[in-house]
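Please read the report below with the sequence and the three-dimensional model side by side.

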Amino acid sequence: MSGALQSDVLSAEALAFVDRLHRELNPERERLLAAREERRGTRSRFVRAPEDFTVAPAPADLQDRRTEITGPVERKMMINALNSGAKVFMADFEDANSPTWDNVRDGQRNVYDAVRRTIELDTGEKQYRLNDEIATLVIRARGWHLLERHHEVDGEPVSGSLFDFGLTAFNNAREQLERGTGPYFYLPKLESHEEARLWARAFAIAEDELGLPHGSIKCTVLIETILAAYEMDAILYELRDHSCSLNAGRWDYIFSCIKKKGAVLPDRAQVTMTVPFMRAYTELLVQTCHDRGAHAIGGMAAFIPSRRNPEVNAIALAKVAEDKRREAGDGFDGTWVAHPDLVPTALAEFDAVLGERPNQIDRRRDDVQVTEEQLVDFEIPGSSISDEGLRVNVSVGVRYLDAWLQGVGAAAIDNLMEDAATAEISRAQVWSWVQAGRFDEARVREEIQATDASEEAKEVFANVALSVPFKDFLTTEAYALLS
């Protein structure tokens, strides 16, 4: 990295701010991570907030979120996403980013330049520049469980969450507010309202130290663990001053159901958003958000359009449109896509429901009655576990890990944009199927060896898919192998 880059995003002052966040908040972070283990295997109960609260109003540029695009903090992808026509771009330091030091460091620079609208790229063949009208920028920091080993505080690796958040806020928050936007964040992998409270503490420290108005840091929480689904209301309460919204992080949610509740689910393709336990989760999310005046953001459309196969495109786009039509009809205020070519399809479905309105927060879902038991009723009538399902899971998981180990966090595999969340589903399903006696270890290893990928990726997948007890996250297992 050049000296200019160091002074921009890794200045002594910026790192000192990160260090302060870590020193003040890391003891509680470690306590909460230990509490995750203590809750394993216990029955989950709804955690409710006080009856009369609503979240703070969203700022003007987060009122209309009908289509959001996501992607890693890679320079070309960021420019294309900001120019995509989506209302919001979530720049991702987490599941779509392989956290090599170069990726993390360069990602901070790319965010810095994007905020100031100076981000550009000249490949020799094509020049990339920002349009006059761009999406609102939101940053996803890493989850509480992840570390950044390239920066230490008092002899230990810093929290990845606090590193990403601290640098981004220190370097950009005031600039963003002066430009009429603000420091906006997505918060991943929460498992409790107490973990949300810790984020509120981080925001308060940042606002105080950086001289920001109270409540100017805004956030959206991904409800992508089944434990968080029981505490949605309380999570909104803890972050109410930061106009907290919730997002249905569907892929990690399925992974969490396997990991936390022992679900033995059928082939991934059969676990659609219309199966009972996923329907219960998403309808509860919309109801909870709208009861509290918060946006409800729908799930990911991961399809990657192909200019070479119009027939495959037509079928896939019809499925994307159907998915987004259902979300808009259920009351969601917006949705996610992974590719710019999907933005018009998603926008059309939400335009048809919202019209000129920025959202449908005023639509209360009083008809929804979801019980604690419905969230863990994993029966899917007519479903099956097949050899093809095993082959797909192993193939996707191994090939994604191969890309991740080479520094690519969002990998195009079989016309889908795969990230760490879908790789987690793949290996978790394999693990659960082996434990349930559907396949033996030898059969899984046979599929692993048949996959076209590096031996290192095959070893990592075998470790996270076959080891007992279950490995919590493949990213923590493989992190030491990154540069």
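Helix α11, which covers residues 310–330, has 21 residues and should span 30 Å at 1.5 Å a residue, and because its end C-alpha atoms are 30 Å apart, the two values agree. Here the expected span is 1.5 Å times one less than the number of residues, and helices (H or I, at least four residues) and strands (E, at least two) are DSSP runs, numbered from the N terminus. This is a predicted model, in which local features need pLDDT of at least 70 and side-chain atom pairs count only at pLDDT 80 or more, whereas totals for chains, interfaces and linings use all residues. Residues are numbered from 1 along each chain as its sequence is written, and side-chain values use heavy atoms, with hydrogens and water left out.

Among the buried residues of α11 are Asn313, Ala316, Val320 and Asp330, where buried means under 20% relative accessible area, exposed over 50%, and partly exposed in between (1.4 Å probe, protein chains only). The buried residues of this helix pack against several elements, including α9 (250–261), α10 (276–291) and α12 (343–354), with contact meaning heavy atoms within 4.5 Å. After α11 comes Gly331, which has a positive phi near 110 degrees.

Next come the pockets. A pocket is an open set of points, on a 1 Å grid over the protein atoms alone, where a 1.4 Å probe fits, with protein on both sides within 12 Å along at least five of seven lines; lining residues have an atom within 4 Å of a point. A volume is the space filled by probe spheres set on the points, which are joined across faces, edges and corners.

| Pocket | Volume | Lining |
|---|---|---|
| Largest pocket | about 1200 Å³ | 32 residues |
| Second largest pocket | about 600 Å³ | 36 residues |

Which element gives the most to the lining of the largest pocket? Helix α11 does, with 8 residues. Trp251, Ala269, Thr272, Lys319 and Leu416 are the lining residues nearest the centre of the largest pocket, while in the second largest pocket that place belongs to Thr70, Gly71, Ala338, His339 and Met417.

Strand β9, residues 218–223, is mostly covered, since 6 of its 6 residues are buried. Lys218, Thr220 and Leu222 point one way from β9, whereas Cys219, Val221 and Ile223 point the other way. Strand β8 (residues 184–187) runs parallel to β9 and is joined to it by 4 bridges, and Phe185 has Cys219 in β9 as its bridge partner; two strands pair if DSSP finds at least two bridges between them.
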